[in-house]
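Take a walk through this fold, from the whole chain down to single residues. Start with the model below.

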Amino acid sequence: MIGTAVKILRTAKSVFILTGAGISAESGVPTFRGSDGLWKNYRAEELATPQAFERNPGLVWEWYHWRQSIILKVKPNPGHYAIAEMENLFPRFLLLTQNVDDLHRKAGSRKFLEIHGNIFRARCTVCDKKIGHTLTPELPHCECGGLLRPDIVWFGEAIPQDVWSESINFVQQADVVFIVGTSAVVYPAAAIPQIARDYQAKIIEINIEKTPISDFVDLSIIGKSGEILPKIVSELKQT
Ligand code: BV8
Ligand code: ZN
């Protein structure tokens with residue numbers, strides 16, 4: 001499996017990687033739908049939606065501050081570092097993460113986009129100003145007086161258009177598309193494997209279990225991303 005992935009990558013000129021919560025699981029960040037899933041105590045609709053924030057901004061901020069406190073204690077794992085290394089191994093490379101935990105940046109990735117925003121950034125609900133923000137006990141406000149919200153894309157909200165079009169343009173010319181640690185159910189990110197297929201990219205999935213796209217991809221590697229990705233990178237680097 002690993003050998004097959006390396007063989008495919010040896011001739012690749014343009015590599016795209018989509019990551020989901022699974023890439024951060026080995027760092028200790030709970031995933032969304034796993035047994036330790038974040039949503040366990042709450043349903044997504046209760047918290048990660050504009051309606052929830054409208055109805056009870058205090059509860060939504062409490063949940064995000066709780067998540068920030070977990071993420072501030074963890075660090076990137078070998079899977080994040082392997083991806084950071086990969087960006088220098090190919091002429092063209094782009095990482096798109098669904099995660100909001102900032103761990104790819106902490107691991108040294110530079111060529112990446114965040115499709116769902118970032119948990120350490122807030123946005124003003126009045127003047128739209130974006131600022132870095134962590135862990136205040138009271139409801140955070142902008143200097144304009146407006147209530148701040150997490151700078152995160154909630155369910156029912158549009159994905160940042162520039163991020164989406166840059167990602168799709170890249171996928172359309174990619175030789176290889178990796179789908180790592182995602183249950184591939186949340187749209188529009190979940191549409192990427194189909195777009196990759198339509199444009200003849202080779203699709204490689206890395207997940208600890210079968211997902212709805214496992215039978216659809218060219219290579220489905222079952223295993224932990226923190227173990228598989230470093231093996232792929234070290235074999236690639238052996239000329
Ligand atoms: C949009 C930020 C329209 C929040 C997130 C019905 C009702 C309401 C909405 C919809 C609906 N049907 C469809 C929709 C659309 C909805 C959607 O797709 N819903 C799904 C649930 C059906 N999508 C949206 O609402 C999107 N917007 O459609 O807007 C629109 C268009 C134009 C104009 C106006 C409006 C917005 C979606 C973004 C939502 N925000 N995150 C926050 O983080 O608080 S999504 C959230 O789920 C996270 O970002 C997460 O990344 C994402 C996907 O989850 P995964 O990353 O895949 O994580 P998960 O736990 O599911 O899976 C982990 C995987 O890792 C598992 O497979 C596991 O096996 C694996 N794994 C675990 N450990 C490891 C591992 N793999 C490898 N190694 C390991 N060690
Ligand atoms: Zn403001």
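**Cysteines first, then the fold**

Cys 144 is partly exposed, with a relative accessible area of 42%. Here partly exposed means between the two limits: buried is under 20% relative accessible area and exposed is over 50% (1.4 Å probe, protein chains only). Cys 124 counts as buried, because its relative accessibility is 2%. How many disulfides are there? The count comes to 0, where a disulfide is a pair of cysteine sulfur atoms within 2.5 Å.

A word on the ground rules. This is a predicted model, in which local features need pLDDT of at least 70 and side-chain atom pairs count only at pLDDT 80 or more, while totals for chains, interfaces and linings use all residues. Residues are numbered from 1 along each chain as its sequence is written, chains are lettered from A and ligands numbered from 1 in the order in which they are written, and side-chain values use heavy atoms, with hydrogens and water left out.

Now step back to the whole chain. It holds 10 helices and 9 strands. These are DSSP runs, numbered from the N terminus: helices are H or I with at least four residues, strands E with at least two. The C-alpha trace spans about 55 × 30 × 30 Å along its principal axes. The radius of gyration is 18 Å, which agrees with the value near 18 Å for a compact globule of 239 residues. That radius is taken over C-alpha atoms, and the globule rule is 2.2 Å times the number of residues to the power 0.38.

Buried residues make up 55% of the 239. The chain exposes about 11,100 Å², and carbon and sulfur atoms supply 54% of that area. The areas come from the Shrake-Rupley method with a 1.4 Å probe; for residues, only the protein chains shown count as cover. Of the contacts between residues at least 6 apart in sequence, 66% join residues at least 24 apart. A contact means heavy atoms within 4.5 Å.

Charge comes next. There are 26 positive and 26 negative side chains, and the centres of the two sets lie 5 Å apart. Lys and Arg count as positive, Asp and Glu as negative; His and the chain ends are not counted. Each charge is placed at NZ of Lys, CZ of Arg, CG of Asp or CD of Glu.

Go inside to helix H8 (residues 161–173), which contains Ser 167. Is Ser 167 buried or exposed? Ser 167 is buried, because its relative accessible area is 0%. Beyond neighbours within four places in sequence, Ser 167 is in contact with Phe 16, Leu 94, Leu 96 and Leu 113.

Gln 98 sits in the loop between strand S2 (92–97) and helix H7 (103–106). At 12% relative accessibility, Gln 98 is buried too. Setting aside neighbours within four places in sequence, its contacts include Leu 18, Gly 20, His 116, Thr 182 and Ala 189.

Finish with the backbone. The peptide bond from Tyr 187 to Pro 188 is cis, with omega near 0°. Pro 188 is in the loop between strand S7 (176–180) and helix H9 (192–198). Asp 128 is not a glycine, yet its phi is positive, about 70°. Asp 128 belongs to the loop between strand S4 (117–124) and strand S5 (130–132). Leu 135, also not a glycine, has a positive phi of about 40°. Leu 135 lies between S5 and strand S6 (148–152), in a loop. With a relative accessible area of 39%, Leu 135 is partly exposed.
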